[in-house]
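Hi,

Here is the model I promised to pass on.

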Amino acid sequence: MPFSVLAAATPWAPLTPERAAALLAGSEVRWWLSGGVALDRWLGQPVRERSNIDVSVVASDLAALIASLPAGFSAWAPAEGEDEYIPFADAPTDADLQPVLVRDDEQDAWVLQINAEDGAPRAWTYKRDPRLTLPWDRAVLDIDGIPTGAPEVQLVWKALRPRPEDTIDKDAVLPSLSPEAVTFYETALLRIHPHSTWAIHVRSPFAPAKASWNKKKP
């Protein structure tokens, strides 16, 4: 059995977006900031405190991105046990190896999370449902030299089972989206995640807390 660690046993010391970009500068594959940090960067200010930092890469490029990490940083993939991680090199090649955690070995801390997404040369594809696609130049934006996931895409990821903190992100970002981005986001909710709590007000903007399908019977 390969050596394993519990992710929760190692503290987080998340990189800044600039330091994450420097860490991945040796890679020739496409990667981009994702999750809440991408929303913060797009807004130009933090919405709330973040406990980690995410980047994404197309699954077929994951190994190449990890191979580009400089000395002193190691990559860890999820194992079979809950919260258990093993060295990426020891993980089975036919498994869905994500999220991968990057460890600063000298600091003994996680510094970056890498998510594996789907895509083709011409377009990003939503991993949960391939009907949802965007051209790469709309799915990933260049913000001050750092590739950053478009905010409407990050909100769709968060929409499946949104936590209270995800709703804080949505409420901060949604008013600033372009009409085109709002259309993409709302269409994705109705087609891909129709039972998300966020979809209620898209279907019925003036509805209170619950739609008819989610109301308790008297």
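A word on helix geometry to begin with: axes are lines fitted to C-alpha atoms, for helices over the stretch in contact, and angles run from 0 to 180 degrees between N-to-C directions. Please keep in mind that this is a predicted model, where local features need pLDDT of at least 70, side-chain atom pairs count only at pLDDT 80 or more, and totals for chains, interfaces and linings use all residues. Residues are numbered from 1 along each chain as its sequence is written, and side-chain values use heavy atoms, with hydrogens and water left out. Helices (H or I, at least four residues) and strands (E, at least two) are DSSP runs, numbered from the N terminus.

Now the helix pairs. The axes of α5 and helix α7 (residues 179-191) come within 9 Å, crossing at roughly 20°. On the α5 side, Glu-152, Val-153, Leu-155, Val-156 and Ala-159 meet Ala-181, Phe-184, Tyr-185, Ala-188 and Leu-189 of α7, where contact means heavy atoms within 4.5 Å.

α2 and α6 also pack at about 20°, with their axes 11 Å apart, and are therefore roughly parallel to each other. The crossing of α2 and α6 is left-handed. Here Leu-39, Trp-42 and Leu-43 of α2 meet Asp-169, Ala-172 and Val-173 of α6. Helix α2 (residues 35-43) has Gly-36, Val-37, Ala-38, Leu-39, Asp-40 and Arg-41 as its buried residues (buried is under 20% relative accessible area, exposed over 50%, partly exposed in between, with a 1.4 Å probe and protein chains only). These buried residues pack against α1 (17-23), β2 (31-34), β10, β11, α5 and α6 (164-173). Just after α2 comes Gly-44, with a positive phi of about 90°.

Next, the rings. There are 6 aromatic pairs in the structure (rings of Phe, Tyr and Trp, its six-membered ring, with centres within 6.5 Å; planes under 30 degrees apart are stacked, over 60 edge-to-face and the rest tilted). In one of them, Tyr-126 and Trp-157 have ring centres 4.8 Å apart and planes at 75°, so this pair is edge-to-face. It links distant parts of the chain, 31 residues apart: Tyr-126 is in the loop between β8 (123-125) and β9 (133-135), and Trp-157 is in helix α5 (residues 151-159). Tyr-126 is buried, at a relative accessible area of 1%. Phe-3, Trp-76, Tyr-85 and Trp-110 form one aromatic cluster.

Two charges sit over rings (NZ of Lys or CZ of Arg within 6 Å of the ring centre and within 35 degrees of the ring normal). Arg-30 has its charged end 4.0 Å from the ring centre of Trp-136, and Lys-170 lies over the face of Trp-198 at 5.4 Å.

Finally, some backbone details. Most residues other than glycine have a negative phi, and most peptide bonds are trans. Gln-98 and Pro-99 are joined by a cis peptide bond, with omega about 0°; Pro-99 is in the loop between β5 (84-87) and β6 (100-104). Asp-83 has a positive phi, near 70°, and is partly exposed at 33% relative accessibility. Asp-144 has a positive phi of about 55° and is exposed at 70%.

Best wishes

Conventions:
Parallel < 35°, antiparallel > 145°, perpendicular 65-115°, else oblique. Left-handed = near helix turned anticlockwise from the far one by under 90°.
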